[in-house]
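The stops below run from the overall fold to single side-chain pairs.

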Amino acid sequence: MLNIKNTDSNNTARHPVEEVRNFVNLPDVLPLGMPLAIMIEPTNLCNFACKYCPTAYPELLKGKRPMGSMNFELYCKIVDDIVEMCENNKSKIRLLQLWKDGEPLLNKQISKMVEYANNKKISETICITTNASALTNKI
């Protein structure tokens, strides 16, 4: 997992092991006013064909959902809706995960997506899971 933002409130880098110490004891916070984590799928396209992944078998998904990348305008609408939810609950989510079945770096807007969510300060951590094959210095 590639942590895009892994800093504390003072912008000091945190070691991934420290993340484990920040887990919430769920019974202590129920009922939840809002989700602890939200997953947004920037694309369901992938440049690999891993045997364990449903994305490698397009015939399974044929007719079930269109293949492609999320446009930036829709992404901003989703993030803005999350901002409103955070403001209404006077809280923010712990994790924004930009990945589901596809390779997020194949969405040409992924850098702008991370920057937009980061500027909105909706989550403690923004995370991308990637095969890193499309990683460049620009990204």
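Helices (H or I, at least four residues) and strands (E, at least two) are DSSP runs, numbered from the N terminus. Colour by these runs and read along the sequence: the pattern is β-α-α-β-α-α-β-α-β. That makes five helices and four strands.

Some ground rules. This is a predicted model, in which local features need pLDDT of at least 70, side-chain atom pairs count only at pLDDT 80 or more, and totals for chains, interfaces and linings use all residues. Residues are numbered from 1 along each chain as its sequence is written, and side-chain values use heavy atoms, with hydrogens and water left out.

**Whole chain**

Show the surface. The accessible area is about 9100 Å², and carbon and sulfur atoms hold 56% of that (Shrake-Rupley method, 1.4 Å probe; for residues, only the protein chains shown count as cover). Of the 139 residues, 30% are buried (under 20% relative accessible area; exposed is over 50%, partly exposed in between; 1.4 Å probe, protein chains only).

**The core**

Select Ile 40, Tyr 75, Ile 82, Leu 96, Leu 98 and Ile 122. In the largest nonpolar core, of 23 residues, these touch the most other members. Such a core is a set of buried Ala, Val, Leu, Ile, Met, Phe, Trp, Tyr and Cys residues joined through side-chain atoms within 4.5 Å. Which elements each supply at least two residues of this core? They are S2 (37–40), H4 (72–89), S3 (93–98), H5 (110–120) and S4 (123–128). H4 gives the most, with seven residues.

Now centre on Ile 82. Beyond its neighbours within four places in sequence, Ile 82 is in contact (heavy atoms within 4.5 Å) with Ile 38, Ile 40, Ile 93 and Ile 122.

**Salt bridges**

The whole structure has four salt bridges (a side-chain nitrogen of Lys or Arg within 4 Å of a carboxyl oxygen of Asp or Glu).

- Pick Lys 77 and Asp 81: their bridge is 2.8 Å, N to O. The two are four residues apart in H4, so about one helical turn separates them. Lys 77 is partly exposed at 47%, and Asp 81 is partly exposed at 36%.
- Pick Lys 120 and Asp 80: the closest N and O atoms are 3.6 Å apart. This pair links distant parts of the chain, H5 and H4, 40 residues apart. Lys 120 is partly exposed at 35%, as is Asp 80 at 31%.
- Pick Lys 100 and Asp 101: N to O is 2.7 Å. Lys 100 is partly exposed at 37%, whereas Asp 101 is buried at 18%.
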